[in-house]
Amino acid sequence: MSQDAFRLISPNGTESALPVHKGTTGPDVIDIGKLYREQGVFTYDPGFVATGSCSSDITFIDGEEGVLMYRGYPVEQLAEHSNFIEVCYLLLYGELPTKDELEKFDHSVRTHTMLNEGMLNFFKGFRYDAHPMAQLSAVVGSMSAYYHDTTDIHDPQHRDIFAHRIVAKLPTIAAAAYKLNVGQPFIYPRNDLNYSENLLHMLFAVPAEPYEIDPIAAEALDLLFILHADHEQNCSTSTVRMAASSGANPYSAIAAGISALWGPAHGGANEAVLKMLEEIGDVSQIPKYVEKAKDRDDPFRLMGFGHRVYKNFDPRAKIIRKMAHKVLERLGQRDDTPLFDLALELEQVALKDPFFIERNLYPNVDFYSGVIYRALGIPTSMFTVMFSIGRCVGWTAHWTEMISDPSGKISRPRQLYTGPANRDYVAVKDR
Ligand code: SDX
């Protein structure tokens with residue numbers, strides 16, 4: 001990184017020259033590492049709106065231009081020409097694989113999809129209606145109790161085995177959580193199926209009859225996984241980095257990322273979008289709900305709208321909207337098509353409303369993904385689980401990047417203290 005400097009002069013005249021680092025593209029960053037030592041102050045940025053937590057070679061987002069690149073490749077091109085297992089390789093290793101590298105990686109993932117049989121007992125301990133995100137984070141966290149052979153995080157081979165295992169096993173765990181919820185038997189993975197076909201098989205096959213995989217459904221899932229695969233330092237990825245920065249077991253760090261993604265302001269938004277559309281119910285109710293979303297005193301927000309970074313269209317939303325049309329055309333007029341029509345109309349109304357225009361509130365990745373999942377027969381409670389399956393490779397790529405950095409250190413932010421000033425203890429008899 002090349003360097004210039006920002007000059008900072010404190011109210012008492014103390015001057016600091018704060019180095020500026022330039023990346024490949026995007027905003028420069030000001031290195032404030034010596035600020036406290038020289039000026040005795042911290043920076044203050046709740047929610048890290050304008051704070052760079054690290055340098056990374058993995059993903060670039062330009063919020064103003066609506067750009068998303070994985071290792072320099074525009075997501076639109078990867079969505080058009082690639083597939084999820086190839087994108088996994090790209091995110092993990094930094095380059096598109098040769099034919100031979102791709103075949104080896106695909107074979108490794110396909111042959112790591114089974115769970116240790118003992119792990120299946122965990123599912124018997126959950127209530128039948130346990131939210132699948134709760135099951136997912138619990139069972140992924142439990143993987144740290146199984147894989148003691150690869151927990152030397154400083155051993156590149158151990159890191160690689162962890163990466164293949166977690167990417168391969170997450171769909172199996174996700175499908176097992178779903179089968180618990182629907183009271184059906186767990187379906188073992190099949191190595192002859194690709195990543196998305198295998199997930200559909202484990203979700204919807206039953207022992208009582210053959211299950212035929214719809215190629216459009218597999219294509220739609222593969223595209224959704226590509227589009228959800230990584231997104232720079234979002235809340236859940238930053239959580240994985242934070243947890244892993246202490247040297248914690250990588251499975252525990254991924255479990256922390258799953259928990260962070262569950263929130264409705266983050267990955268839980270896709271589930272919240274469908275609940276919102278069902279609450280709106282009919283296009284005639286759209287104006288009422290748009291007004292609610294604009295009312296500062298009303299906590300209601302248009303779920304699936306807005307983004308911390310994208311102040312233009314989320315490029316993923318555009319691609320997902322096209323795929324939603326394709327899936328619904330393929331599956332024909334269905335009882336949930338009106339939900340998609342409602343989503344289209346809501347988008348049109350909101351995008352013409354000055355409140356949304358002034359605040360750059362556009363549909364984000366979560367606005368249409370739920371419509372596709374619903375059309376594929378995936379229940380709302382599983383939507384964020386699907387997001388987790390796509391994002392797991394991004395979390396793992398960031399984990400690997402951070403753990404491989406010899407200069408890495410534990411993440412430990414500071415604060416602005418606003419509590420009581422120093423005071424003496426008072427015995428209870430005197431209070
Ligand atoms: C994801 O970070 C990532 O990259 C995340 C993600 C990823 O791939 O990892 O892209 C995935 O999490 C997408 C976002 C999914 N969340 C939602 O769809 C939930 C609804 N959206 C909002 O909660 C909100 O837009 C956020 C949380 C996404 C972003 O919030 P910010 O950047 O903190 O913006 P803000 O809350 O400061 O809002 C700015 C203004 C406020 O109004 P004013 O105070 O200026 O009057 O816009 C308003 C907000 O009230 N606003 C909305 C709104 N989102 C923001 N008003 C109505 N509906 C909304 N959805």
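**Notebook: a predicted protein chain**

I began at proline 156, which is found in helix α7, residues 156-182; helices here are DSSP runs of H or I with at least four residues, strands are runs of E with at least two, and both are numbered from the N terminus. I noted that proline 156 counts as exposed, because its relative accessibility is 53%; exposed means over 50% relative accessible area, buried under 20%, and partly exposed in between, with a 1.4 Å probe and protein chains only. I then looked up serine 56, which is 100 residues from proline 156 in sequence and 18 Å from it in space, C-alpha to C-alpha.

I recorded the basis of the work: this is a predicted model, in which local features need pLDDT of at least 70 and side-chain atom pairs count only at pLDDT 80 or more, while totals for chains, interfaces and linings use all residues. Residues are numbered from 1 along each chain as its sequence is written, and side-chain values use heavy atoms, with hydrogens and water left out.

**Whole chain**

I found 18 helices and 6 strands in the protein chain. Of its 431 residues, 49% count as buried.

**Core**

Which residues have the most contacts inside the largest nonpolar core? I found Tyr70 and Ile166, in a core of 117 residues. Such a core is a set of buried Ala, Val, Leu, Ile, Met, Phe, Trp, Tyr and Cys residues joined through side-chain atoms within 4.5 Å. Leaving aside neighbours within four places in sequence, I listed the contacts (heavy atoms within 4.5 Å) of isoleucine 166: Val140, Met143, Tyr251, Ile254, Cys392 and Thr396.

**Positive phi in loops**

I looked up glutamate 232, which has a positive phi of about 60 degrees although it is not a glycine. Glutamate 232 has its place in the loop between α9 (215-228) and α10 (235-244), and is partly exposed, with a relative accessible area of 26%.

I then turned to asparagine 360, another residue other than glycine, with a positive phi near 55 degrees. Asparagine 360 lies in the loop between α16 (354-358) and α17 (365-375). It counts as partly exposed because its relative accessibility is 28%.
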